[in-house]
Amino acid sequence: MSVKKRSVCPHDCPSVCSLDVEVLDEKTIGKVYGNKSHSYTAGTICAKVSRYSERVHHPDRLTHPLKRVGKRGVGISEYERISWDEALDTIADRFKDIINTDGAQAIWPFHYAGTMGWVQRDGLDRLRHCLGTSRQHSTFCTPLADAGWKAGVGSKRGSDARLMHKSELVIVWGGNPVSTQVNVMHHLAQAKRESGAKLVVVDPYKTKTADKADMHLMLKPGTDAALACAVIHVLLEEGLADRNYLAKHTDFDENTDAHFATKTPAWASAITGLSEQEIIDFARLYGSTKKSFMRLGYGFTRSRNGAANMHAVSCLPAVTGAWLEQGGGALYSQSELYGLDTTLIRGLDTQSQHTRLFDQSRIGPILCGNEADLQGGPPVKALFIQNTNPAVVAPDTNKVLKGFAREDLFTVVHEQFMTDTAMWADIVLPATMFLEHDDFYTAGGHTSVQLGAKLIDPPGECRSNHTVLIGLFERLGMSHPANELSERELIDATLKATGLSGIEELEKNGNLDVSRQFETANFLDGFDTSDKRFHFSPDWSLQGPNSAGMPSMADYWDVIDQPSDEHPLRLVTAPARQFLNTTFTETPTSVRMEKQPFVMMHPDDISHYQLQAGSFATLGNQQGEVSVEVREFTGVQPGTVVVESLWPNHKFAGGIGINALTSAESGKPNGGAVYHDAAVWVKPAAVLGDTRAELNVALAD
Ligand SMILES: Nc1nc2c(c(=O)[nH]1)N[C@H]1C(S)=C(S)[C@@H](COP(=O)(O)OP(=O)(O)OC[C@H]3O[C@@H](n4cnc5c(=O)[nH]c(N)nc54)[C@H](O)[C@@H]3O)O[C@H]1N2
Ligand SMILES: Nc1nc2c(c(=O)[nH]1)N[C@H]1C(S)=C(S)[C@@H](COP(=O)(O)OP(=O)(O)OC[C@H]3O[C@@H](n4cnc5c(=O)[nH]c(N)nc54)[C@H](O)[C@@H]3O)O[C@H]1N2
Ligand code: SF4
Ligand SMILES: [Mo]
């Protein structure tokens, strides 16, 4: 007989949905449902997680430790089963050898956000600190957006999304919640019903979210700051700004006024590709609707000027004073509300600041020995990877794979599947999934701490990240207090160190809400800046070490990869609906629904570049080439192309995925990958005729 048990989605998605999981027996789950009683996620979950049994009970799950006996980069056929003892001994012995010859900094424990559970995700930091390995600046996702938001607002929190139902205007800027955080759509529907809310979407292509919008501003990628500045221009010029709010709560002065006076709709129209009228219409709508809620996504920050874009857009509610209203204001992320004390989990008590800090998005250049990245230290001789698939998700795939192919690199991957990354490893370790271990989770899109307890036994010999770390510490002759604790005890200790009630209370209540009262949430009692004001003129040096050249006042910063004669098209690599980064690219229903990698192109571009819908095109730039099916799509400006991702490399002809075309250049001022900032050329793919069949044969070889 099945029972429903409470859990929480572990994936890197702002929604962090509260789940009710049908548990059939001690090893088996059925369907996954949303928990209707959660005050934000309220029973809504995405389709891919509702069919999670496909992933947990997938026949290709890794269930035993493996060692590579054949070629690198090929797959499961090249591996042989070994015991956990042999696996951990091999890793520890190899680490000790490397420490003797090259020093501990030649080892790079590499992790990211396959699980967002604090215990399983961040424990690897403890290994870095205790062993004195190279450390990591995690730049795949948030640093550009963080810097831009914090430049004006001061900290990473914002309006409570549960008040969205009171909004009369919702603006989804650079996000695609229908695909990437479906709960927003539930709150939007409520706002429509209760408050007659209109929806505006700002996105370079007509996403599923934009499809539902009353107004879609389909701008050129990387030009959002120009749109925002021109909107401010109109608001100021037409008396739609709240001058009292500006005087009381912001650093706005006559210089700011003069600055925006030059940012005309005509100026922005030339940069964004939007018409002047579209810009004016949006400004008038925004300026005349004080109860306006902006939900800011990451998309418009994944460019070289991404932080400046986020900052310029974050100025809008400060101009109209939308922050004053319940259902008004803006939300990028709530993640700094929690103030978690992660000292124990991450071993911060033993942190050595003298070890070098690698920018994770530069894994390609780093593994290829780029001297500036190595900072005078030894080359990387060992990688220990948990919760991430850098062979696909990191920029500049050709360099990443060239690095993984190095004969002198010892790679360990702890994974649930034989991913593109795992198939380069010397040792592969089988990992548990979230329903098979204990952890706790915080959220970007809402304000609750949630517990995801172990509900079923793992298959085979899978071990959790925490358990693997304990085994590795032992063999390396190291100890740390966190290793003496079970996962549950570590959760309890971390909650209590943070000043929250412990795990028992969390278990009893289902979640702990850390939200602030309205006045604080909407910064009416002050922004989190030094002078408590919102900053139109930010001090970028507070946000990161590389702020030279950044605009001193909210502005469009022209440092993107502009189209040229050689590279005439701008490429956007937005998330696909049925995948979550590379997760779910192994589940049959998601793959069936997404079909295969394709590029969405305006019909004018298709004919201009002599392509045909349904045939294959090759996209390329100075870094590499990628071949995909061409799909005709009118919901995009000519000159912009979109490839929804992240398909595994081997699903592309040539075995290299979309990140072959994205740059490992780090965004300013504090790093950050620039996934949607690439200029490319396009031509018909070399293989013509019945390309699909031929390409599939090529892939199978
Ligand atoms: N289904 C699904 N859900 C996901 C993910 C996934 O891969 N698939 N990934 C998860 C993760 S890790 C994250 S961080 C979030 C990200 O979620 P979002 O914040 O929604 O996603 P982004 O990749 O940032 O892209 C969102 C939108 O930004 C648009 N965009 C790109 N460039 C620009 C630009 O210059 N200006 C503007 N205005 N828009 C632009 C893209 O076209 C895209 O529609 O989603 C999470 N949820
Ligand atoms: N072109 C392009 N590239 C992108 C993006 C984009 O929009 N466009 N988005 C970027 C973004 S926003 C992000 S956040 C990154 C995300 O990139 P990643 O963090 O690499 O995310 P996933 O692809 O989901 O891979 C996570 C892996 O972790 C494994 N995993 C899950 N749970 C556990 C666990 O408990 N233990 C262990 N050992 N393994 C586990 C999963 O099986 C999966 O293979 O990708 C980035 N790459
Ligand atoms: S992936 Fe996002 S929307 Fe889907 S269940 Fe998880 S948290 Fe909710
Ligand atoms: Mo992300």
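Student: Which backbone atom lies 2.9 Å from a nitrogen atom of ligand 1?
Tutor: A backbone N or O atom of serine 179. That is a polar contact (a pair of N or O atoms within 3.5 Å; within protein, one must be able to donate a hydrogen and the other to accept it, and residues adjacent in sequence count only if both atoms are side-chain atoms). Keep in mind that this is a predicted model: local features need pLDDT of at least 70, side-chain atom pairs count only at pLDDT 80 or more, and totals for chains, interfaces and linings use all residues. Residues are numbered from 1 along each chain as written, chains are lettered from A and ligands numbered from 1 in written order, and side-chain values use heavy atoms, without hydrogens and water.

Student: What does aspartate 203 do with ligand 1?
Tutor: A polar side-chain atom of aspartate 203 sits 2.6 Å from an oxygen atom of ligand 1. Phenylalanine 579 uses a polar backbone atom, 2.6 Å from a nitrogen atom of the ligand.

Student: How much of ligand 1 does the protein cover?
Tutor: 97% of the 900 Å² of accessible area that ligand 1 has on its own (Shrake-Rupley method, 1.4 Å probe).

Student: Which domains supply the shell around ligand 1?
Tutor: Domain 3 (144-332) and domain 4 (569-700) each give at least three residues. The bounds come from an automatic or database domain assignment.

Student: OK, the interface. How much area do domain 3 and domain 4 bury between them?
Tutor: About 1900 Å², with 57% of it on carbon and sulfur atoms. Buried area is the accessible area (1.4 Å probe) that two parts lose on being put together, summed over both. Tyr205, Arg302 and Arg304 supply 39% of the area that domain 3 buries there, more than any other three residues.

Student: How many salt bridges between domain 3 and domain 4?
Tutor: Two. A salt bridge here is a side-chain nitrogen of Lys or Arg within 4 Å of a carboxyl oxygen of Asp or Glu. Glutamate 665 and arginine 304 form a salt bridge at 3.1 Å, N to O.

Student: Switching to ligand 2. Where does it lie?
Tutor: Between domain 2 (66-141 + 343-513) and domain 4 (569-700), because both give residues to its shell.

Student: Which polar side-chain atom lies 2.8 Å from a nitrogen atom of ligand 2?
Tutor: One of asparagine 465. Arginine 55 has a side-chain N or O atom 3.2 Å from an oxygen atom of ligand 2. The protein covers 96% of the 910 Å² of accessible area that ligand 2 has on its own.
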